[in-house]
Amino acid sequence: ASLQFFIAAGDVFDDIEDNDAPLSLSSRYGVAITNNIATTLLVLGEKAIAGLKEKQVNDSKIVRILDTINHYYLKACTGQHLDLSYGNKLDISENEYLDILSLKSASQIECACYTGALLATDNNKLLGLFKNFGYNLGMMLQITNDIAGIISKKDIINKKITFPVIFALSQTESFTHDKLEQYYGKQNGNELSSDQVSDILSETGAMHYSAIITESYRLSAKEAAERAESNGVNIDKMRIFLQ
């Protein structure tokens, strides 16, 4: 429950900071009310952690859970800061983009898996496996979202710099590269259509490469889950996320 409150608060703050969603709370009710809602969600997240006392969780474990969640959400704030700082920077490298994803997005999934395990065990080996599972699952899900955004053309229309675009910009040359750069740089000129951009991203192998990277993260998450299983953990529900 706590993590859901924190994630919801993060989403609300993200809408305020990005200011690009016409149906967001900030667009409908203004920044002041939306900031208050996000702050309230943060407080509810803290109160939910305190509620672990009613579940007979000892005080030292509750403090450790609180410190762990705050640690991960500081990472998420760092990732958001980098994302806002880079903006729609065209020369962002693949590694820079993946670093931002690991901080901004994967950290939340990693946090959920790690804190869930922390409530069940003090076995550092198992805790490390759940942490590894969460990180790789989070990275897999985010790049999967990047692929979906290209397939639906939503991210193309919004000229959002995502993993397939970064790969395509690094692999194309001359005319095609200039056209992509012009499109995503929002420069005036003979602009490509969303269909033409989609074709370029397919022809350069950007979509295929993105799918390969996604699969590599999925396999790493699967390996961590299977190692947990060999240590006596039932991973039936974990497998659902890997399908």
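At 22% relative accessibility, Lys153 comes out as partly exposed, a label covering the range between buried (under 20% relative accessible area) and exposed (over 50%), with a 1.4 Å probe and protein chains only. This is a predicted model, so local features need pLDDT of at least 70 and side-chain atom pairs count only at pLDDT 80 or more, while totals for chains, interfaces and linings use all residues. Residues are numbered from 1 along each chain as its sequence is written, and side-chain values use heavy atoms, leaving out hydrogens and water.

Lys153 pairs up with Asp195 in a salt bridge, the closest N and O atoms sitting 3.4 Å apart; the term takes a side-chain nitrogen of Lys or Arg within 4 Å of a carboxyl oxygen of Asp or Glu. Asp195 is in helix H10 (residues 194-203) and Lys153 in the loop between H6 and helix H7 (154-157), so parts 42 residues apart in sequence get tied together; helices here are DSSP runs (H or I, at least four residues), numbered from the N terminus. Asp195 is partly exposed too, at 46%.

The salt-bridge count comes to 11. Another one joins Asp122 to Lys61, again with 3.4 Å between the closest N and O atoms. Finally, Asp14, Asp83 and Lys104 are linked in a salt-bridge network.

Methods: Helix = DSSP H or I, 4+ residues; strand = E, 2+ residues; numbered from the N terminus.
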